[in-house]
Amino acid sequence: MTRLRRDWEPRFRRFVAEQPNADPGHGPIHLERVVATAIRLAAEEGARLDIVLPAAWLHDCVHIAKDSAERARASRLAADHALRFLEDAGYPPACLPEIRHAIEAHSYSAGIAPRTIEAKVVQDADRLDALGAIGLARCLAVGTALGRPLYQPDDPFCLVRDPDDRGASVDHFYSKLLKLAGTMQTAAGRREAGRRTAFLEAFLVELKSEIAP
């Protein structure tokens, strides 16, 4: 373990554990997975761990419900909150602007283009967690928490209508999840996104076979 991880990860972990969070898809286990993925991507892409590690740990330190009109501001609010914590904790000041950018740019809703390899790594790591078996489980857990049905019986796979992920969990596949592979910023992220997207597509094929009349 590097000195950076030994000295700072326990502090990051404690800080995020103290933050209010009622979102079943963005809790501590999500953060652990995103951090692990970000570390792997950083090693493959040559990104600076002193930027990637705090940004990955702190990217969701402010939680705004997915169905809130304020959702697009969540990453900026998280960046503000994270920077206050890092400043108070004495994290190297020269790192803070790039950490802020990486946190702000991770969000799909915010639509901020990542301009550094560190921001690209954090964005890819977060989006990979929305794909594959974990992504499927998270999608269904969040949909259940928000009271959404699994699918719309009249057109489950959005063949003749636009997807509305506020109406059903399967719609979220078409409005976002199946598009994520095309947004990956790193070569390592693209490879893994392709594999995980294939899993989601296979699930939809199986679901169709089980609910078809």
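Student: Which residues of α4 are buried in this predicted model, and what makes them one face of the helix?

Tutor: The buried residues of α4 are A74, S75, A78, A79, A82, L83, F85, L86 and A89. Seen down the helix axis, they fall within an arc of 165°, so they line one face. An α-helix has 3.6 residues a turn, so residues three or four places apart point the same way.

Student: What do the buried residues of α4 pack against?

Tutor: They pack against α1 (3-17), α3 (49-58) and α5 (96-105). Contact here requires heavy atoms within 4.5 Å.

Student: How do you know that the span of α4 agrees with its number of residues?

Tutor: Helix α4 covers residues 74-89, which is 16 residues, and at 1.5 Å a residue it should span 22 Å. Its end C-alpha atoms are 22 Å apart, so the two values agree. Just after α4, G90 has a positive phi of about 85°.

Student: Why is C139 called buried?

Tutor: Buried means under 20% relative accessible area. C139 has 9%, so the term applies. C61, with 4%, is buried by that cut-off too.

Student: What makes R33 and D129 a salt bridge?

Tutor: The cut-off is 4 Å between a side-chain nitrogen of Lys or Arg and a carboxyl oxygen of Asp or Glu. For R33 and D129 the N to O distance is 2.8 Å, so the pair qualifies. R33 lies in helix α2 (residues 28-45) and D129 in the loop between α6 (117-128) and α7 (132-145), so the pair ties together parts 96 residues apart in sequence.

Student: Is R33 buried or partly exposed, and what of D129?

Tutor: R33, at 23%, is partly exposed, whereas D129, at 4%, is buried.

Student: What makes R195 and E192 a salt bridge, and where do they lie?

Tutor: Their closest N and O atoms are 2.6 Å apart, so they meet the 4 Å cut-off. Both lie in helix α9 (residues 187-211), three residues apart, about one turn of the helix. R195 is exposed at 55%, because the term applies over 50%. E192, at 21%, counts as partly exposed.

Definitions and conventions
Residues numbered from 1 in each chain as written. Predicted model: local features only at pLDDT ≥ 70, side-chain atom pairs only at ≥ 80, totals over all residues. Heavy atoms only, no water. Helix = DSSP H or I, 4+ residues; strand = E, 2+ residues; numbered from the N terminus. Expected span 1.5 Å × (residues − 1). Buried < 20%, exposed > 50% of the residue type's maximum accessible area, 1.4 Å probe, protein only. Arc of directions from axis to C-beta.
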